[in-house]
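Could you walk me through this structure, stop by stop? I have it open in my viewer and would like to know what to select next.

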Amino acid sequence: MGENQNLLAEQRRALILDEVRRRGGVRVNELTRKLSVSDMTVRRDLDALARQGVIEKVHGGAVPVVEASTHEPGFEAKSTLELTAKEDIARVAAAMAVPGSAIALSGGTTTYALAQHLLDVPDLTVVTNSVRVADVFHAAQRPGSPGARPGAATVVLTGGVRTPSDSLVGPVADQAIVSLHFDMLFLGVHGISVEAGLSTPNLAEAETNRRFVQSARRVVVVADHTKWGTVGLSSFATLEQVNTFVTDAGLSDEAREEIEEHLPGLVVAGRDAGSEPARG
């Protein structure tokens, strides 16, 4: 972590969280030196991260929270994490959508960020099981609303049972998805790894995501670097079923090499990485 007095709070906390996860714990005095900020600023950042449930404060510092494979954070909790990374990913992924095509968006905070960029792609047909994603497009369709866009996507929202992430899952959603065919699926994930593939802590969501993958000609996973190596309770797709993985510049060099061995396309978005075209 480089020293920078002008980091925004969001950027500073993202750096702290990465350091905690990478090293398994950090001390306050180490963070003050590396970030060139006061002891009080670091403690406020640690308090904020602890409230989000992503670290645990200990005497003199912080350690990562070890989550069970069944733990499923709510949409609001996840929406405060890795904001810059999600925005970078969304901007690059939106450029992959072809005007006039049929696409699917799964639930999640990264696909929610992506939906806002997809408003600029004309004549899309969007199928989603995310209430939040559907709201973005519905607002753009309302005449006279502040976010109204001409040519906004036609949206199909599946039915189903609502999860903590505001996704609709279960037999109703599965039945709606299995009868459709998508040119491209943009898929948010709880975790992605070589051993487990794509995974989620929610069993019903795993089945719904499985149907999404089966119905898509091309699968694009959109997930920030913290999702690599995370494993949820239920796997729903292998890495071989993914065409492109769009992530952010926080991904380590070791992780990039590992991903490139197993995936045909890796796109790293962000100021530090540029945007590499997906292979394959």
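Predicted model: local features only at pLDDT ≥ 70, side-chain atom pairs only at ≥ 80, totals over all residues.

Start by selecting His225 and Asp248: the backbone nitrogen of His225 sits 2.7 Å from a polar atom of the Asp248 side chain.

Colour strand 14, residues 244-248, and you will find Asp248 in it. Is Asp248 buried or exposed? Its relative accessible area is 5%, so Asp248 is buried, the cut-off for that being under 20%. Next, show the residues that Asp248 touches beyond four places in sequence: Ala85, Ile89, Asp224, His225, Val268 and Ala269. Pick Ile89 from that group and draw a line between the two C-alpha atoms. Asp248 and Ile89 are 6.2 Å apart in space, although 159 residues separate them in sequence.

From there, move to Asp88, which is in helix 5. With a relative accessibility of 9%, Asp88 also counts as buried. Show side chains here, and you can see Asp88 make a polar contact with the side chain of Arg91 at 2.9 Å. Leaving out residues up to four places away in sequence, Asp88 touches Ala269 and Gly270.

**Into the nonpolar core**

Now select Ile103, Leu105, Leu114, Leu118, Phe137 and Phe186. In the largest nonpolar core, which has 30 residues, these touch the most other members. Which elements give two or more residues to this core? They are helix 5 (83-94), strand 4 (102-105), helix 6 (109-118), helix 7 (131-141), strand 9 (184-187), strand 12 (219-222) and strand 15 (266-269).

Centre the view on Leu105 and show its surroundings. Beyond its neighbours within four places in sequence, Leu105 is in contact with residues including Thr111, Leu114, Ala115, Leu118, Val133 and Phe186. Another core, of 28 residues, lies apart from the largest one; among its members are Ile177, Phe212, Trp228 and Leu263.

Side chains of opposite charge can pair when their charged atoms come close. The count for this model is 11 salt bridges.

Select Glu19 and Lys34 to see one of them, with the closest N and O atoms 2.9 Å apart. Glu19 belongs to helix 1 (residues 9-23) and Lys34 to helix 2 (residues 28-35), so this pair ties together parts 15 residues apart in sequence. Glu19 is buried, at 3% relative accessible area, whereas Lys34 is partly exposed, at 27%.

Go on to Asp47 and Lys57, whose side chains meet in a salt bridge at 2.5 Å, N to O. This pair links distant parts of the chain, with Asp47 in helix 3 (residues 39-51) and Lys57 in strand 2 (residues 55-58), 10 residues apart. Asp47 is partly exposed at 30% relative accessibility, and Lys57 is partly exposed with a relative accessible area of 37%.

Then select Asp166 and Arg132, a salt bridge whose closest N and O atoms are 2.5 Å apart. Where do the two partners lie? Asp166 is in the loop between strand 7 (161-162) and strand 8 (168-169), while Arg132 is in helix 7, 34 residues apart. Asp166 is buried, with 11% relative accessible area, and Arg132 is partly exposed, with 22%.

For the last stop, select Arg12, Arg13 and Asp45 together, and you have a network of linked salt bridges on screen.

Definitions and conventions. Residues numbered from 1 in each chain as written. Heavy atoms only, no water. Core = buried A, V, L, I, M, F, W, Y, C linked by side-chain atoms within 4.5 Å. Buried < 20%, exposed > 50% of the residue type's maximum accessible area, 1.4 Å probe, protein only. Helix = DSSP H or I, 4+ residues; strand = E, 2+ residues; numbered from the N terminus. Contact = heavy atoms within 4.5 Å. Polar contact = N/O pair within 3.5 Å; in protein donor to acceptor, adjacent residues only side chain to side chain. Salt bridge = Lys/Arg side-chain N within 4 Å of Asp/Glu carboxyl O.
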